[in-house]
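Colleague: I have not looked at this one before. Can you walk me through it?

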Amino acid sequence: MTKVTDGFSKDFLWGGATAANQIEGAYNLGGKGLSTSDFAAFKDPYATGKVNNFTFDVTSEELAKYSERPEDYLFPKRWGIDFYHRYKEDIALFAEMGFKVFRLSISWARIFPTGLEDRPNEEGLAFYDKVFDECEKYGIEPLVTMSHYEMPIELTKRYNGWVSRELVALFEKYARVLFDRYKGKVKYWITFNEMNMNLNSLYTGAGVLADKVENSLQAAYQASHHQFLASALAVKAAREISPDAKIGCMINQIESYAKTTKPEDQLQAVKAEQLNMFYPDVKVRGSYPSYMVRYFNEQGIQLNTLEGDDVILAEGTVDYVAFSYYMSHVTEYRPDAMKLAGTFDSPIKNEYLELSEWDWPIDPVGLRISLNKLYDRYQVPLFLVENGLGAKDVLTEDKKIHDEYRIDYIRKHIIEMKEAVKDGVELMGYTTWGCIDLISCGTSQMSKRYGFIYVDQDDKGNGTLERIRKDSFYWYKDVISTNGEKL
Ligand code: BG6
């Protein structure tokens with residue numbers, strides 16, 4: 001009989017997650033080239049009156065303006081939280097909380113400044129060596145994303161990003177350098193962060209200037225096809241160079257509920273889910289699912305592919321499915337529903353759920369549903385690599401942050417995660433998003449804070465950068481030391 005477990009495994013990987021462009025800063029130091037995220041200008045969301053104002057897309061006109069007169073704009077992802085110089089202090093704080101794993105990403109432009117060089121930038125490689133050595137000092141496993149919402153800007157300027165097939169070989173070269181250099185130091189890898197978000201921001205996910213393509217839906221899937229190939233070739237390279245490495249794919253999992261019990265709404269929820277599952281379907285099973293082929297035909301999408309692509313995909317399947325989980329959505333049937341593909345598509349309010357300060361529906365039970373569905377579908381280990389609450393924190397005069405709301409959010413999600421484990425889901429670990437306050441991806445704000453560690457800096461980059469332990473810091477430390485028993 002199948003064994004039933006009553007909690008997290010002894011080797012469960014507790015920790016936190018970050019991304020290079022949201023923490024490192026030092027955007028022009030150590031030989032780093034400029035990346036796409038260095039051109040995500042701050043457009044004050046408070047000024048527009050709409051707090052959840054995603055600013056992550058960049059047009060060709062904006063890119064030209066930002067390149068000509070950078071001094072006229074603020075680019076928060078250029079300064080991050082200065083992890084580049086403070087990684088020792090930050091990793092020591094993670095160790096104090098008892099982290100078993102630290103998710104970070106490597107900036108492609110630190111290793112290949114334009115993406116086109118034949119040889120990697122030694123200073124960039126050496127920086128990550130130091131970071132991994134520091135992790136090792138405390139017994140923390142690095143979990144490394146190779147491409148988290150950034151790439152050398154030269155690849156956007158020259159090729160318009162991932163719509164071009166040229167990037168496949170350039171990424172494979174980059175991947176080979178990483179596996180070669182860090183074998184023995186890094187066991188857990190993710191090739192691309194949240195590939196399904198290509199549908200929401202072509203620039204952020206794929207370095208594509210949307211005004212330079214005729215049909216952005218076609219471009220999103222063409223870019224995705226190239227990333228599938230690059231990811232599969234990277235997996236193949238890892239098997240050769242670093243056979244112990246475990247490589248995962250990653251999506252932004254947004255649980256889709258039907259608005260009513262009307263069968264058409266239920267079917268719409270299934271279709272919305274397929275648009276998300278398409279990504280792990282290809283990466284775990286190694287081929288395009290038939291529902292997607294039908295979808296492409298109906299939407300008039302024709303992908304440019306080459307003979308042999310099928311073989312590449314089939315030979316580069318992943319070991320585990322990683323995902324982020326922040327919210328669920330409600331969907332209903334409309335004649336145009338499938339045209340407006342994508343996970344942030346017209347969310348309908350769920351009357352049973354509260355919203356975060358940034359209007360994200362909070363749904364811990366949805367996490368249990370997602371975990372069960374993903375595991376039922378793939379039967380490979382899962383890794384929850386992002387989850388957390390973006391909130392405004394208040395620093396008291398005696399330098400404390402009483403973030404009970406964050407504890408409450410994470411506690412409820414861990415409870416459901418544990419229930420899913422008891423349901424039989426094989427879960428490798430949990431890394432909360434933004435374990436240290438960082439620059440928001442969607443809004444480039446600092447004031448949207450996720451961390452257990454407060455960083456003294458405002459939206460415009462003013463502050464001492466001092467690190468301060470929040471109440472949630474001590475709470476999460478207990479969670480880890482009791483392996484999720486004391487919540
Ligand atoms: C995830 C991204 O989708 O959401 C992260 O992988 C991002 O990079 C996180 O920071 C939270 O989004 P935001 O916009 O609140 O920073």
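**The ligand and its surroundings**

Modeller: By class, the shell around the ligand is made up of 6 nonpolar, 5 polar and 3 charged residues. Bear in mind that this is a predicted model.

Colleague: Which residues are the closest to the ligand?

Modeller: The closest are Glu-194, Glu-386, Cys-441, Lys-448 and Tyr-450, out of 14 residues that surround the ligand.

Colleague: Which distance separates a ligand oxygen atom from an N or O atom in the side chain of Glu-386?

Modeller: That distance is 2.7 Å. For the side chain of His-148, an N or O atom is 2.9 Å from an oxygen atom of the ligand. The side chain of Asn-193 also has an N or O atom 2.9 Å from a ligand oxygen.

Colleague: And how much of the ligand does the protein bury?

Modeller: The protein buries 96% of the 380 Å² that the ligand exposes when taken alone. The space the ligand takes is the largest cavity.

Colleague: Switching topic, how many salt bridges does the structure hold?

Modeller: There are 40 salt bridges in the structure. One of them joins Asp-90 and Arg-467, with their closest N and O atoms 2.8 Å apart.

Colleague: Where in the chain are Asp-90 and Arg-467?

Modeller: In distant parts, 377 residues apart. Asp-90 is in helix α5 (residues 83-97), while Arg-467 is in strand β12 (residues 467-469).

Colleague: Why can side chains pair like that?

Modeller: Side chains of opposite charge can pair when their charged atoms come close.

Definitions and conventions. Residues are numbered from 1 along each chain as its sequence is written. This is a predicted model: local features need pLDDT of at least 70, side-chain atom pairs count only at pLDDT 80 or more; totals for chains, interfaces and linings use all residues. Side-chain values use heavy atoms; hydrogens and water are left out. A residue is near a molecule or strand if one of its heavy atoms lies within 4 Å of it. A polar contact is a pair of N or O atoms within 3.5 Å; within protein, one must be able to donate a hydrogen and the other to accept it, and residues adjacent in sequence count only if both atoms are side-chain atoms. Accessible areas come from the Shrake-Rupley method with a 1.4 Å probe; for residues, only the protein chains shown count as cover. On a 1 Å grid over the protein atoms alone, a cavity is a set of points where a 1.4 Å probe fits but cannot get out, and a pocket is an open set with protein on both sides within 12 Å along at least five of seven lines; lining residues have an atom within 4 Å of a point. A molecule sits in a cavity or pocket if more than half of its atoms lie within 2 Å of its grid points. Ala, Val, Leu, Ile, Met, Phe, Trp, Tyr, Cys and Pro count as nonpolar, Asp, Glu, Lys and Arg as charged, and the others, Gly among them, as polar. A salt bridge is a side-chain nitrogen of Lys or Arg within 4 Å of a carboxyl oxygen of Asp or Glu. Helices (H or I, at least four residues) and strands (E, at least two) are DSSP runs, numbered from the N terminus.
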